[in-house]
Amino acid sequence: MNGIRVAGLTYRYGAKTALDDVSFSVAQGEFCALLGPNGAGKSTLFNLLTRLFVAPGGQIEIAGHDLNTAPRAALAKLGIVFQQPTLDLDLTVRQNLTYFAALHGLSGRDRVRRIDTVLDRLDIADRAKEKARTLNGGHRRRTEIARALLHDPAVLLLDEPTVGLDAAARAAITDHVHGLASDGTTVLWATHLADEVRPDDRLVVLHQAKVLADGRARDVSGDRPLQQAFLDLTAEPA
């Protein structure tokens with residue numbers, strides 16, 4: 001079963017085409033990097049995947065559920081980490097997770113168990129009683145990822161999740177999310193940074209509303225560093 005399937009997706013803002021016949025699929029338990037420069041259409045695609053926008057045509061499936069015909073079932077399978085931070089800084093890590101769990105109807109022992117599980121999974125159990133505003137950027141991101149996993153989603157979407165983090169925090173977050181994919185979660189990781197993509201990762205390169213490459217990163221890059229291959233693919237014609 002596919003984790004994500006996108007077929008023939010086109011979206012326009014007036015006369016501007018943000019996505020032009022975009023198609024790709026991500027298998028269950030696969031880590032897929034969506035690599036593209038700013039303005040490529042990555043955020044528009046995420047807005048469509050989360051149904052903040054609705055495309056006039058094309059198809060999106062999330063964990064086997066059609067987003068157009070069964071939106072509630074599809075969205076229930078999604079965990080989302082937005083580019084902009086969304087934690088309540090005056091609540092502790094555990095309080096942030098408890099509030100979000102309540103929104104999903106989780107309560108009692110099940111809620112406590114799920115919170116403890118995701119805190120351990122993201123290595124932030126020792127931060128549970130700290131207010132979010134006291135955390136560094138890396139631990140805030142881990143908290144947001146933990147929150148997105150509370151309802152045990154099949155698919156995890158992350159929109160530029162390492163923006164503003166230092167190199168060590170970026171590497172730690174990338175490692176954690178690859179681990180989630182190894183455990184069976186389908187991951188779509190949007191980024192403009194080629195150094196976050198590993199050779200064995202699935203890679204979709206998006207530029208000027210179109211998919212320019214789709215395959216294993218090592219195959220897309222060939223005998224070049226991926227950064228150079230990315231620059232070559234997205235270079236403006238002379």
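Before anything else, I wrote down a cut-off: buried means under 20% relative accessible area, exposed means over 50%, and partly exposed is in between. I also noted that this is a predicted model.

**Entry 1**

I looked up Asp232 and Arg224, whose side chains meet in a salt bridge at 3.0 Å, N to O. Is Asp232 buried, exposed or partly exposed? Asp232 has a relative accessible area of 39%, so it is partly exposed. Arg224 has 32%, so Arg224 is partly exposed too.

**Entry 2: salt bridges in general**

I reminded myself that side chains of opposite charge can pair when their charged atoms come close. How many salt bridges does the count come to? I got 19. I also found a network of salt bridges that links Glu30, Arg202, Asp214 and Arg216.

**Entry 3: helix 6 and a loop**

Next I went to Arg170 and Glu196. Their side chains form a salt bridge, with 3.2 Å from N to O. Why does this pair tie together separate parts of the chain? Arg170 lies in helix 6 (residues 167–182), while Glu196 sits in the loop between strand 8 (186–191) and strand 9 (202–207), so the tied parts are 26 residues apart in sequence. I checked burial as well: Arg170 and Glu196 are both buried.

Then I looked at Asp175 and Arg198. Their side chains meet in a salt bridge of 2.2 Å, N to O. This pair also links distant parts of the chain, with Asp175 in helix 6 and Arg198 in the loop between strand 8 and strand 9, 23 residues apart. Asp175 has 45% relative accessibility, so I put it down as partly exposed.

**Entry 4: empty space**

I turned to cavities. Rolling a probe the size of a water molecule over the atoms shows where empty space is left. How many cavities of 30 Å³ or more does a search of the whole structure find? The search finds one. The largest cavity holds about 90 Å³ of space.

Which residues line the largest cavity? I listed Leu9, Leu48, Arg51, Phe53, Val54 and Ala55, then Gly57, Gly58, Gln59, Ile60, Leu67 and Asn68. I sorted this lining by class and got seven nonpolar, four polar and one charged.

Conventions: Residues are numbered from 1 along each chain as its sequence is written. This is a predicted model: local features need pLDDT of at least 70, side-chain atom pairs count only at pLDDT 80 or more; totals for chains, interfaces and linings use all residues. Side-chain values use heavy atoms; hydrogens and water are left out. On a 1 Å grid over the protein atoms alone, a cavity is a set of points where a 1.4 Å probe fits but cannot get out, and a pocket is an open set with protein on both sides within 12 Å along at least five of seven lines; lining residues have an atom within 4 Å of a point. Grid points are joined across faces, edges and corners, and a volume is the space filled by probe spheres set on the points. Ala, Val, Leu, Ile, Met, Phe, Trp, Tyr, Cys and Pro count as nonpolar, Asp, Glu, Lys and Arg as charged, and the others, Gly among them, as polar. A salt bridge is a side-chain nitrogen of Lys or Arg within 4 Å of a carboxyl oxygen of Asp or Glu. Helices (H or I, at least four residues) and strands (E, at least two) are DSSP runs, numbered from the N terminus. Buried means under 20% relative accessible area, exposed over 50%, partly exposed in between (1.4 Å probe, protein chains only).
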